[in-house]
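Please walk me through this model in the viewer, one selection at a time, and tell me what to look for at each stop.

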Amino acid sequence: MNKDLSIIIVTYNNSEDIISCLKSIEKNIIIQHEIIIVDSNSSDDTISKIKSSQIKVLLFSQSENIGFAKANNFAVKQAKGKYLFFLNPDTEIIDRSINEITNLIDRDDVGIIAPQLIMLNDKVQPSVRRLPTFLGAIKEYWLGQKNAYDSYVPISDQPVEVESVVGAAILIKKKTFLQIKGFDEKFFMYFEDLDLCHKIKELGYKILYLSNIQVKHKVGSSAGTNPKSIELFKQSAKKYYGFFNYYAIQNVIRISQIADKYFFQIIKNFGSIFLLAIAIRLIIMPFLFHTDLKTQYFHANLLTKGVVNVYEYMKVNKDNLGFKDTFVYPTMAYFTLGSWAYVTQPILGQPFQNWLYDWGESRWTNPQLFRQLFVLKLPYLFFDLLCGVLIAYLVEESLRKRALVVWFFNPLTLYIIYGLANFDIIPTFLTLFSLFFFQKNKLLASGLSLGLGISLKLFPLLLLPFFVLSLLKKENKRGLILFLIGVIMMVLLTLCLFFQDFLATSGSGMATQMLIPIVILPFNLKIPIFYLLYSSLLLGCLFSKNTWESLNVYILATFWLVLSLINFHPQWLLWSLPFFAIIITKESKLLIQGGLIFISFIFFILIFEDRFLTLGILSPIFPNIYDVANLEQTLFTYIPKTFLEITARLIFIITILTILIPQILMHLNFKVGDPKLFRSKT
Amino acid sequence: MYKLLLLMLAFIILFFLSIFLLDIFYLSHRVSNVSQEEAKKTTLIYQGQEQRISFISRFDNVNLIYVRLKNPERKNTDDFYFQIKDQSNNILRQIDISGRNISDDDWIRFQFLPIKNIKDQKLNLSLNSATLDQNKAILVFTDNSDQLVYKVYSTDSWINVLRRELVNFYQRFTTDSLFVVSYIIINISIIIGYLILKKV
């Protein structure tokens, strides 16, 4: 049988490698062969070295770099061999076992044969991969299925059938090569080998990988990792995958890398804390209840019935519904909760629908009450865990464990997120995410996060001036523009979605209450205290150090200002907790103040006179408790409500002042009382 | 760090346990006994027009009865009589209040010393007023068959209440067996995972 072989090499500035490649061929390939070299207009001495090597080659020199695929196709036109052996110039034939490579290629069902590639460090190069797809990327990067997308090394002494191989050293029958019309010349470089394998598989041929035949491959030296090569790689990838598929795969990989870097690393290092935190949360989730969870999902569930404008729907239909209150949150909140209600429909089913419309005694005997409470709180668990991860990343590495303990095992966090079960944890997480991106100087992402937070609940809007001031201080105009683009994009999204209807239903919210506490200045000038102090905070921020820690303090101060002056709504305390956790992690002595805030919180929930906030929170376990227990009434017979209210407020305000004043002073750009400062001003 | 973790876990347990124990405390003082809460219409109470209802007490120690009354425009300021009688019409408890204490539609609470050894026995509740003027009469809510709207509570030992409430909770919780099984498996897996990681 005629075993004539055409060895095809395309060179481009390979003067360092080509001679050793040619010598290894001359030394080890004993079957009848020819060597065809196509040089893509090398600017180094590749050609002169080949010519002076005395090795018999057919050398074709191109007047320009025509690309790898085109050059190979040109070489094939010159080839006389029955088999084509495409070799990269940075390869070396190690021994004579290579001569056996042609033994299998004669089989009718075989299309390509590839030897094992050995890298310079003597490790085997992962040169085999499944034909890459979007689904493969998801399997490999998100579902942890090995070898679904990336290159790998098959483990077997026998020839292994694979889906694709790296084109650094591949053998193919000339007949088959011509049948598939050679390398696709739309690929200048990269991906032409994958495309070739794809076509070979489409024709029904097998691609065999032989681990007992080895070729040395100096990986990367033929192309390098210079920006031009990376750009060529991207261009070819876009052509191979298609534009949208390429970006979809890139995002799958990128998200996985980010998750790995910022999430799984933390979980790996502090797995036991995470599991304990998850266990506690899962255990309590089905047994705590507040009516807010039900009312919010009563509205959100309307999305599953096809209602898009919930404000309008409630206005028109409230008299026919079991629950008459209107939805008072921005539209994005409706869509977020509604999407979860939609997704969980198969799990919750009709009993959930019945429960939502049941405001009588039988709501406690709903057969799936515990399932409902568990499932509805699952998204909150997700964002709660992410908050922990972000807090851990925002503090120094040595304090991460402490940060996780402070966040995950805080009774207030558990009570507010899983007891009151409002969706505040989602915008709270997004606000924290915004600060995280701010720290990383990813300002578009920071703006997007804050904007998304605003589109769920309006409170992060209060922080916008602090972010802007911090960026102005940095004199980072580009960053500021990116940040604002991010915020505006998200806020516009909300504005487009029935914003007028939303405004019409939420007139009695926080914004209105901000104007109520006033201070009377000389000339009967009335200024709302909140805005006075809020402006002072902005001024403080302007004169503070330009760090994310300083911004963190002002975020915390703003939220606590809202709680002190506007309304101490129990779930609103959650907004501040991640930012306080960051500070308390760094200064353990603040744990005492943390305890005092906890005590004032207990007072506040008592004076709030919502029985579901106190004893009623365990109503899934004790359904009669709501009917019989009134802790507040009992308490108020012994201690006047006003006294409790004043005490709670005093404890809270004094405590937060003992935290905030030192923090703000610490972050100021100058020392208060510094004589230099005084002199410079005068 | 371990100390901090233990401290915070202790706080969590203490916090939720306090609520749990307070719930039991309250429940033991107000065990829901019998009730009729369907309010469809009102009936007048004035001198000579007493309103009565009889009920069989499910528990001992009846100590609290709520009645839904209405004093339109709070015009009535006369005495109002609340009586609990046994089967032989002996007055067991009596509370006299002023009409001033009755607002325009409210659940009025009558609390008294627990009536002992009354389980499964019939009690008569009667409501009367010193008012002669029908225009100023107190109104009591009833259902369509003229049964008064009321709620009766008893006291019980906390251990009895705890047992009863937990049995009731267990029955409701285990109704959804699919969820219970999944819930237990998930939690046990996580706890085992935690113990393994802790050991490593």
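Select strand 1 (residues 5-11) of chain A together with strand 2 of chain A, which pair in the parallel sense over seven bridges; two strands count as paired if DSSP finds at least two bridges between them, and helices (H or I, at least four residues) and strands (E, at least two) are DSSP runs numbered from the N terminus. This is a predicted model, in which local features need pLDDT of at least 70 and side-chain atom pairs count only at pLDDT 80 or more, whereas totals for chains, interfaces and linings use all residues. Residues are numbered from 1 along each chain as its sequence is written, while chains are lettered from A and ligands numbered from 1 in the order in which they are written.

Within this pair, Val10(A) has Val38(A) of strand 2 as its bridge partner. Strand 2 (residues 33-39) of chain A is mostly covered, with five of its seven residues buried; a residue is buried if 20 or more other C-beta atoms lie within 10 Å of its own, exposed if 12 or fewer, and partly exposed in between, with C-beta atoms placed from the backbone.

**Strand 11 of chain A and its partners**

Next select strand 11 (residues 206-217) of chain A, to which strand 5 (residues 91-93) of chain A is joined by three bridges in an antiparallel arrangement. Here Glu92(A) is the bridge partner of Lys216(A) in strand 11.

**Covered helices of chain A**

Select helix 11 (residues 291-300) of chain A, a mostly covered helix in which eight of the ten residues are buried, among them Leu293(A), Tyr297(A) and Phe298(A). The buried residues of helix 11 of chain A pack against helix 12 (310-317), helix 13 (331-343), helix 14 (345-356) and helix 15 of chain A, where two residues are in contact if their C-beta atoms, placed from the backbone, lie within 7 Å.

Move on to helix 17 (residues 411-420) of chain A, which is largely enclosed by the rest of the structure because nine of its ten residues are buried. The buried residues of helix 17 of chain A include Leu412(A), Tyr415(A), Ile416(A) and Gly419(A). Ala421(A) follows helix 17 of chain A and has a positive phi, near 50°.

Leaving aside its neighbours within four places in sequence, Ile391(A) is in contact with Ala403(A), Trp407(A), Pro578(A), Ala581(A) and Ile582(A).

**Crossing to chain B**

Turn to the contact between the chains, which takes 33 residues from chain B and 33 residues from chain A. On the side of chain B that touches chain A, two or more residues come from each of helix 1 (2-29), helix 2 (158-173) and helix 3 (177-199) of chain B, and helix 1 of chain B gives the most, with 13 residues.

Chain B is divided into domain 1 (2-27 + 160-199) and domain 2 (31-154), and the C-alpha centres of these two domains of chain B lie 41 Å apart. Finish with the open sheet of four strands in chain B, which has the order 3-8-5-6 with antiparallel pairing; its edge strands are strand 3 (51-56) and strand 6 (91-98) of chain B, each pairing on one side only. Strand 5 (residues 79-85) of chain B pairs with strand 6 of chain B in the antiparallel sense over seven bridges, and Phe82(B) has Ile95(B) of strand 6 as its bridge partner.

Terms used
Domain bounds come from an automatic or database domain assignment.
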